[in-house]
Amino acid sequence: MKSFWRSYYSNPWLIAVTFALPLVLSLVIWWIFSSSVVRELPLDVVDLDQSSLSRMIIRDYDATPTLSVRTIQPNVTIANRALKEGDNYGYIVIPHDFERNVMLGKSPQISGFYNGQFILIAKQINSALMQTDMTIQAKLATIKALSTKQSTWTQAINSAVPIKVQVTALFNI
């Protein structure tokens, strides 16, 4: 047994593997997962409408803690190329005549595309897009209800958002 301990203490590689390596690996793993919540994911926007409503929507997307509007691209081809090159994690397309269709009572579609290879990032982008879209719809419904002048501010908000939901991002507990 003495020969085992003597050979063990005389070999610095065994001591490093036994004590130093687990400590270093533990610190590296802790550092990787220390942020615990994904924030400021770069996202491009293709604004084909160029209206005040589309600019408001872009500001709403940029205001989320999860998303960060990187650039406003002139067309889908450039945004898709940036996605494939890894410059962004996704892009949103606001179609032509978006504001006009909203004012006419139609339901225009904002399309969102994201890289599904990164599962956590894709889930976070999807959640942020859905949450922002619900907020935008509530704003538009409130404005519509107030424009009829048959409801108060509180009634307009309650009719636009009948159920209040609180979504809170948590870290690993």
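In which handedness of crossing does helix 3 pass helix 6? The crossing is right-handed; that is, the near helix is turned clockwise from the far one by less than a right angle.

This is a predicted model, where local features need pLDDT of at least 70, side-chain atom pairs count only at pLDDT 80 or more, and totals for chains, interfaces and linings use all residues. Residues are numbered from 1 along each chain as its sequence is written, and side-chain values use heavy atoms, with hydrogens and water left out.

**Confidence**

The mean pLDDT (the predictor's confidence in each residue, from 0 to 100) is 84 for the protein. At least 70 is reached by 88% of the residues. Where pLDDT is low, the predicted coordinates should not be read in detail.

**Helix pairs**

Helices (H or I, at least four residues) and strands (E, at least two) are DSSP runs, numbered from the N terminus. Axes are lines fitted to C-alpha atoms, for helices over the stretch in contact, and angles run from 0 to 180 degrees between N-to-C directions.

| Pair | Angle | Axis separation |
|---|---|---|
| Helix 3 (52-63) and helix 6 (119-147) | about 135° | 10 Å apart |
| Helix 1 (2-10) and helix 2 (12-32) | roughly 85° | within 5 Å |

Helix 3 is therefore oblique to helix 6. Helix 1 and helix 2 are roughly perpendicular. The classes are roughly parallel under 35 degrees, roughly antiparallel over 145, roughly perpendicular from 65 to 115, and oblique for the rest.

Contact means heavy atoms within 4.5 Å. From helix 3, Leu53, Met56, Ile57, Asp60 and Tyr61 meet Leu129, Thr132, Asp133, Ile136, Lys139 and Leu140 of helix 6. This contact has 7 nonpolar, 1 polar and 3 charged residues. In the other pair, Tyr8, Tyr9 and Ser10 of helix 1 meet Pro12, Leu14, Ile15, Thr18 and Phe19 of helix 2.

An open sheet of 4 strands runs in the order 2-1-3-4, with mixed pairing. Strand 2 (67-73) and strand 4 (111-114) are the edges, each with a single partner strand, so one side of each lacks a neighbour in the sheet. Neighbouring strands are turned by 25° on average, direction ignored. Strand 1 (residues 41-47) pairs with strand 2 in the parallel sense over 5 bridges; pairing requires at least two DSSP bridges. Proline 42 has serine 68 in strand 2 as its bridge partner. Helix 4 (residues 76-85) packs on the sheet and touches strand 1, strand 2 and strand 3 (90-94). Its direction makes about 165° with that of strand 3.

How values were computed: Ala, Val, Leu, Ile, Met, Phe, Trp, Tyr, Cys and Pro count as nonpolar, Asp, Glu, Lys and Arg as charged, and the others, Gly among them, as polar.
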